[in-house]
Amino acid sequence: MQTRKKIESVFHRPAQYSMVGDGFRVYNYFPNAYRIREKVSPFLMLDFGPEFDFGPSDHPRGVDVHPHKGFETVTIAYKGSVEHYDSAGNSGVIHPGDVQWMTAGAGILHKEFHEKEFSKKGGPFEMVQLWVNLPAKDKLTTPKYQSLVSSEIQKVILRDNAGEVNIIAGEFNQIKGSATTFTEMNVLDIKLNKDGELTANIPAIHNTSLLVVEGSIEVNGQKASQHDFILFKNEGESIQIKASEPAVLLMLSGLPINEPIAQYGPFVMNTAQELEEAFVEFQAGKFGVLN
Ligand code: MN
């Protein structure tokens, strides 16, 4: 018998946004605004840049070359387009509906900018960047990159014209998602029509949360508004959502990685010594070359 997953807390959008480079106007839900690290593992960071109208610019805004080591960055584009390049030789454009799943692993350099054509015209821009931790045994995995194009992301159409679920990673209703992951997790991009309903069953042991990207919903009997972030307790399995108005939701769940975290900026390792090594390697140019 499935029981309703209990809600731990509904967090509102943090008061202050910050700029990542000059192109990403984001609210950092965790770890900065809400200190919930052990309740959201394997996810390390959630930056949400709600719709913002960037005016036209001949110089694409963004973040120039920077390193990452020991985890994965996942960029989900809702509106606007992002162009990226990395030191493993990958590059591409993330359009609305697309997802870029980059495994930094042993160390990589990359840069992320508004795509040139988008930049010239300007317009609404809305993105999420998630950081996903790697277990100790996989922290030094070879860097790789999964480009998940909207049309290729596994999609489930819900009954009664309720909406759809794009399975970015993990599974929904026993249907497997598109990205490969190192630990067990679900990343679901959910779109509900007005009055659309959805039931998701997620194991109690999974750390589970839900971001209301757009719209407003009722979830397990509790109301949540646009940009709210719902954190569930590790009790119960069933999540019932009803959209009070058309809604876009990001559901995150996964088995916690119960290992120590040593983080400094873009490096996430297990020990202080490994962090030190990451710095030395980065400074010695071991993460490759990217201009
Ligand atoms: Mn980055």
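**Pockets, sheet and helix in a predicted model**

The largest pocket has a volume of about 420 Å³. Here a pocket is an open set of points on a 1 Å grid over the protein atoms alone, with protein on both sides within 12 Å along at least five of seven lines, and lining residues have an atom within 4 Å of a point. This is a predicted model, where local features need pLDDT of at least 70, side-chain atom pairs count only at pLDDT 80 or more, and totals for chains, interfaces and linings use all residues. Residues are numbered from 1 along each chain as its sequence is written, and side-chain values use heavy atoms, without hydrogens and water.

- Among the 25 residues lining the largest pocket, Val20, Val26, Met45, Asp47 and Gln129 are the closest to its centre.
- Strand β4 gives the largest share of that lining, 6 residues (strands are DSSP runs of E, at least two residues, numbered from the N terminus; helices are runs of H or I, at least four).
- The second largest pocket holds about 260 Å³ of space, and β18 (residues 197-201) supplies the largest share of its lining, 3 residues.

**Sheet**
- An open antiparallel sheet of 7 strands runs in the order β1-β22-β19-β24-β17-β14-β13 (strands pair if DSSP finds at least two bridges between them).
- β1 (7-11) and β13 (154-157) are the edge strands, each with a single partner, so one side of each has no neighbour in the sheet.
- β17 (residues 185-192) pairs with β24 (residues 247-254) over 8 bridges, and Val187 stands opposite Leu252 in β24.

**Helix**
- Gly285, with a positive phi near 80°, follows helix α3.

Terms used
On a 1 Å grid over the protein atoms alone, a cavity is a set of points where a 1.4 Å probe fits but cannot get out, and a pocket is an open set with protein on both sides within 12 Å along at least five of seven lines; lining residues have an atom within 4 Å of a point. Grid points are joined across faces, edges and corners, and a volume is the space filled by probe spheres set on the points.
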